[in-house]
Amino acid sequence: MALLILPPVLSNINWQSKLNKAAHHTSDYSSTEAILRRGQAFKITVNLQRGVQSGDNFTFIASTGPAPAESQQTKAIFNLSEEGASGWSATQEPSEPGCMNFTIFSPADAVIGRYKLKLQTVSGNKVSSTLLGQFVLLFNPWCPNDDVYMANEKERWEYVLNDSGIIFQGLEKHIQQEAWNYGQFEEDILDISLAILDRSLNHRQDPAADVSNRNSPTYVSRVISATVNSNDEKGVVEGKWNGKFRSGTNPLQWSGSVTILRKWHRGRYKPVRYGQCWVFAGVMCTVLRSLGIPTRVITNFNSAHDRNINLSIDEYIDISGKTLHLTEDSVWNFHVWNESWFIRRDLGSFYDGWQVLDATPQERSKGIYQCGPASTRAIKEGDVNLDYDSSFVFAAVNADYVTWIHYSKKIKERIYSDTRKIGKFISTKAVGTNDRVDVTANYKYPEGSLKERRVYKKALKLLGVRSTGKRAKNRRRSSVAWRQNMTPPAQKPSISGKLILDASPVIGQDILLTLALRNLISDFKTIKVKLSASAILYTRKPKAEILKLSRSIKLGSEEVKEISFKISYSQYKNSLTDDRKILVTALCETKQGPSLLVEKDIVLQDPLLTIKVLGPAVVHKAVNVQVTFTNPLSEVVTDCVLRAEGSGLLKEQLRINVARMAPMETSTVQFEIIPYKSGTRQLQVDLVCIHFSDIKGFVMLDVAPAP
């Protein structure tokens, strides 16, 4: 007998928004949509249009994706008071006349994303089906059965709910804090994060299979690492490390993810120009936190980019000490990536915990510019054969660093083999404060320890690399390679040296340096010193030579002597990159014995920028902010812009023109903010000027709730 269509039972639905958002820790999302976490009950109230009869049967249908199917876990059909095969279930609660209260449970391994919820009513031979509405289901770090479960409440607050943070940059001996506005709860950001998943290559190739796999944080995080960069699928950010940035934004001028993600979305998914590693990591942190995956930003100082994964980085210099690019390997002053917290069902419980992800497009993985997730446990133990990309990350923190003087195509001298240079001060923001936490011990055993060397040799073996640094399968060798590989360990020089800054280097001023040399033996020595300095990028790629000079110095038995020199502002002002970095080298040669190379990386410091909040910060109440800054140059500067942003404080980035500043002039700008979220908030200020690189600052505000 055919079923007859029944008039609708309900007139409308109440999603119990306030109740559910509080229970599911989603109150911070700036959305009227129901935003829920998997593995946890949520409540709805159905207001009835007609009375419910005793024989009425209710069936719920939850579905997601373009082709929902029970076999793909993208469609769940479940009746009242009984758990469906999908793990979804519903119970009816006591209710007032004219309405029905339901509690619905989703499984802890449900597919995340936007769902439709339907209610089907069967009464005798009559049926009605009503769309109740839509909701978004997220990962749930509060649920013990979820793969992303994080037991510590303070860590959940930091790595899921905190919408601002610190990204560490600079040098291993001069680590700097840079504020970043993650803004994962700002309007549209969750929708944009879901759109990123839908723009992936995986989704384009097989939408149904892609959505079905979105129950796994391993899968989702890997897809995000590919789609945050633009290299394969016209993702969010286009990287650029060379040349000018006239056709886009200088990566150093970004202060947060919200502006970038909105620009990509509003521009119909045209990649945003331009980003570098901290930008990719900041954006990926926003997206993963918005989806409910606990995520943090990691900075690795002296980070190796080992193109051929032989765990050896070779640096070549010429006879004057200038860096030569004879290999694709490189060592960056710092590199920034992400870690996300989840279990690894594909690897086993030993590898659960923090997983490395890197959206910066450096190398292809399985044909696509993506990296991770790589278990930090796998990296520490040298398990470089495990998914995903653990060998690449292992090299970034563990490769040996070998320095050569290149005399000609066939003659080179190995002067150093440093097993400790790479992977220093691996850093992240502390839980609950802006302090730096060193997490190097999560990546490797103590440098120089027996365990660390054992792990290194284990990794070489798994990668098929001989101790010479060559892949075992590569049996053909040129005479140059033979000479390089058969060179015995470098002798220690009979002199030592150190480059010392006489004063803190500030942009716009001369840089004063001293080279201190010590004779380590009793023999008299004449040393030829070749000093050079180059403006470099943070990737340590030289952009312009700014100093080159030679000196000769005589050292008696165990004598110490100093050479003082300076790099004047006029020498570096037209060559300095936006990274504000200079590499100074001193190649010290003696007639007998090996040469000594002394290097020093310098970061020119910004002038001070101060931010004062002129009064108490209260939700929906205006408060003035005063910013004071100084032109660091002995020349007039024009056309500067002061920019401010901060989640919960400013809904859009604020821009104020600063028309003219006289030489060394101190200026003050005042503007108004109206906070719209309570709690601890981060306000970032950035002075952008074509005459010098950005001057940045930030202040933390405690915003009181509206009275």
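Pro373 sits in the loop between β21 (368-369) and β22 (374-375); strands here are DSSP runs of E with at least two residues, helices are runs of H or I with at least four, and both are numbered from the N terminus. The peptide bond from Gly372 to Pro373 is cis, with omega near 5°. This is a predicted model, where local features need pLDDT of at least 70, side-chain atom pairs count only at pLDDT 80 or more, and totals for chains, interfaces and linings use all residues. Residues are numbered from 1 along each chain as its sequence is written, and side-chain values use heavy atoms, leaving out hydrogens and water.

**Backbone geometry**
- A cis peptide bond also runs from Arg273 to Tyr274, with omega near 0°.
- Tyr274 belongs to strand β14.
- His620 is not a glycine, yet has a positive phi of about 65°. Its loop runs between β34 (610-614) and β35 (623-630).
- Met664, also not a glycine, has a positive phi of about 60°. Met664 lies in the loop between β37 and β38 (666-673).

- His620 is exposed at 61% relative accessible area. Exposed means over 50%, buried under 20%, and partly exposed in between, with a 1.4 Å probe and protein chains only.
- Met664 is partly exposed, at 46%.

**Around Ser247**
- Ser247 lies in the loop between β13 (237-239) and α7 (258-266). Its relative accessible area is 45%, so Ser247 is partly exposed.
- Beyond neighbours within four places in sequence, Ser247 is in contact with Arg273 and Tyr274. Contact means heavy atoms within 4.5 Å.
- The side chains of Ser247 and Tyr274 are joined by a polar contact of 2.5 Å. A polar contact is a pair of N or O atoms within 3.5 Å; within protein, one must be able to donate a hydrogen and the other to accept it, and residues adjacent in sequence count only if both atoms are side-chain atoms.

**Helix α7**
- Its buried residues are Val258, Ile260, Leu261, Arg262 and Trp264.
- Their cover includes β12 (174-181), α3 (189-198) and β37 (650-661).

**Cysteines**
- The whole structure has 0 disulfides, a disulfide being a pair of cysteine sulfur atoms within 2.5 Å.
- For Cys371, the nearest cysteine sulfur is that of Cys277, 13 Å away.
- Cys371 counts as buried at 6% relative accessibility. Cys689 counts as buried at 7%.
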